[in-house]
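Reader: I am new to this structure and would like to learn how to read its features one at a time. Could you take me through it slowly, giving the general idea before each case?

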Amino acid sequence: MITADAFIAAASARGFDFYTGVPCSFLTPLINGVLSDRALHYVGAASEGEAVAIAAGAWLAGRRTVVMCQNSGLGNAVNPLTSLNAPFRIPTLFVTTWRGQPGLGDEPQHEVMGLITHDLIRLLGLPLEAAPNTDEAIGPAFDRAVTAMDETGLPFAWVLKKGDIADTPLSQPTPAARPAGWRDRFEALGPRPRREQALARVLELADDRTAIIATTGKCGRELFTLADRPQHLYQVGSMGGASGMGLGVALNAPRPVVVLDGDGAALMKLGTFATVGAYAPKNLIHILLDNGVHDSTGGQATVSPLVSFADIAAACGYASALDTRDLGEVANWLEAPPLKGPRFVRLHIGMGTPGDLPRPTMTPVDVKTRLMQHFKSAGVH
């Protein structure tokens, strides 16, 4: 059995200072220890996949990260682990619990995952060890994990058993209530702008300090075609993860961060609205380009016409939320003075994209490396 203090001390000595995840009773002592340490950063995520995306953004901004979750949530983390961390080579220490361990009594919903936890992690291609369970083993375990992550650029997984960490009391300040943000809607006549027009307007207004995280699919491809800048990141997978990744960057980089989202992607990770609103980075600008369809896969309709995204953003604590199809209003909104929290706009756009739309010619690893070098040259790391 180890203590949370010993874990945190070993982690901090090796630069790990950003934690995110979804609680599990086996993890309670460690999460309590992290939350009680005011020198550390912990983001409570709405889902395990969201936590992986948040950690990826924090890593881009120079943090060493730890993601913590129950093994029942491994399924939620599979997508970003395989389609974000793997292609971009973004590491994190991934600590998951072993609920349903064979031979130990547990709830029936943990039985299957308890049998396949280790095999699933190996199938994902992640190095795997049992979490250290003595204080003497913690340092060497961290060193092995750091060495592997530095060599491969991939997450390193620890599987933590019940009772591996001694009970730890929680000393957490009560979060202050945050009123709903300002919300407005501008009715406009005429056709919806094309995605290309919307992206061009964003590029006109974004200076060299502004990082832009573009969601997977046609959005990133059109952004790359219009202008390829060092501060751009084009997600090639991890649908729904752009907002979480943008949050991770915004919490750790003193610069404007624009997330270019899509309606299908936003619906997939709607819980991230609540996480963004709760942690409220004032440098985050969340732009939802809503054409009502999955444009990258043939134009199948989404349910976005039935969803009031701006109302959701305002209710979740975004400082302002706009719903419009008018590019002029978007420009006015983007040029307004910064507020005390994140801003959101749902821009209704038309369907369709150019038939010969190319894909980014840079590899995801090159895109990531270039972005981190840009951050470093600007003094972010």
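Reader: Where does Ser304 lie?

Author: Before that, two remarks on the source: this is a predicted model, in which local features need pLDDT of at least 70 and side-chain atom pairs count only at pLDDT 80 or more, while totals for chains, interfaces and linings use all residues. Residues are numbered from 1 along each chain as its sequence is written, and side-chain values use heavy atoms, with hydrogens and water left out. Helices (H or I, at least four residues) and strands (E, at least two) are DSSP runs, numbered from the N terminus. Ser304 lies in the loop between β13 (300-301) and α12 (309-316).

Reader: Is Ser304 buried or exposed, and which residues does Ser304 touch?

Author: Buried means under 20% relative accessible area, exposed over 50%, and partly exposed in between, using a 1.4 Å probe and protein chains only. With a relative accessible area of 1%, Ser304 is buried. Contact means heavy atoms within 4.5 Å, and, not counting residues up to four places away in sequence, Ser304 touches Asp263, Leu267, Asp290, Gly292, Phe309 and Arg346.

Reader: How should I read the strands, and which strands pair with β3?

Author: In a regular strand the side chains alternate between the two faces of the sheet. Two strands pair if DSSP finds at least two bridges between them. Strand β1 (residues 16-21) runs parallel to β3 and is joined to it by five bridges, with Arg64 of β3 as the bridge partner of Phe16. Strand β4 (residues 93-97) also pairs with β3 in the parallel sense, over four bridges, and here Met68 has Val95 of β4 as its bridge partner.

Reader: Why is strand β3 described as largely enclosed by the rest of the structure?

Author: Five of the six residues of β3 (residues 64-69) are buried, so the strand is largely enclosed by the rest of the structure. Together with helix α4 (residues 74-88) and β4, strand β3 makes a right-handed β-α-β unit; right-handed here says that, with the strands pointing away from the viewer, the path from the first strand over the helix to the second runs clockwise.

Reader: Which residues is Leu27 in contact with?

Author: Leu27 lies in the loop between β1 and α2 (28-36), and it is buried, with a relative accessible area of 0%. Leaving aside neighbours within four places in sequence, Leu27 is in contact with Val22, Met68, Cys69, Gln70, Val95, Thr97 and Leu160.

Reader: What can be read from a helix, for instance from α14 (residues 364-377)?

Author: An α-helix has 3.6 residues a turn, so residues three or four places apart point the same way. Helix α14 has 14 residues and reaches 20 Å from its first C-alpha to its last, close to the 20 Å expected at 1.5 Å a residue, where the expected span is 1.5 Å times one less than the number of residues. The buried residues of α14 are Val367, Lys368, Arg370, Leu371, Met372, His374 and Phe375, and what covers them includes α3 (48-60), α4, β8 (211-214), β9 (232-234) and α9 (242-250). After α14 comes Gly379, whose phi is positive, near 80 degrees.

Reader: Which residue other than glycine has a positive phi near 55 degrees?

Author: That residue is Arg89, which lies in the loop between α4 and β4 and counts as partly exposed at 35% relative accessibility. Ser238, which is not a glycine either, has a positive phi of about 45 degrees; Ser238 is found in the loop between β9 and α9 and, at 3% relative accessibility, counts as buried.

Reader: How many aromatic pairs does a search of the whole structure find?

Author: A pair of aromatic rings is described by the distance of the centres and the angle of the planes. Rings of Phe, Tyr and Trp (its six-membered ring) pair if their centres lie within 6.5 Å, and planes under 30 degrees apart count as stacked, over 60 as edge-to-face and the rest as tilted. The search finds nine aromatic pairs. One of them is the edge-to-face pair of Phe224 and Tyr234, at 5.6 Å centre to centre with 90 degrees between the planes, and both residues are buried.
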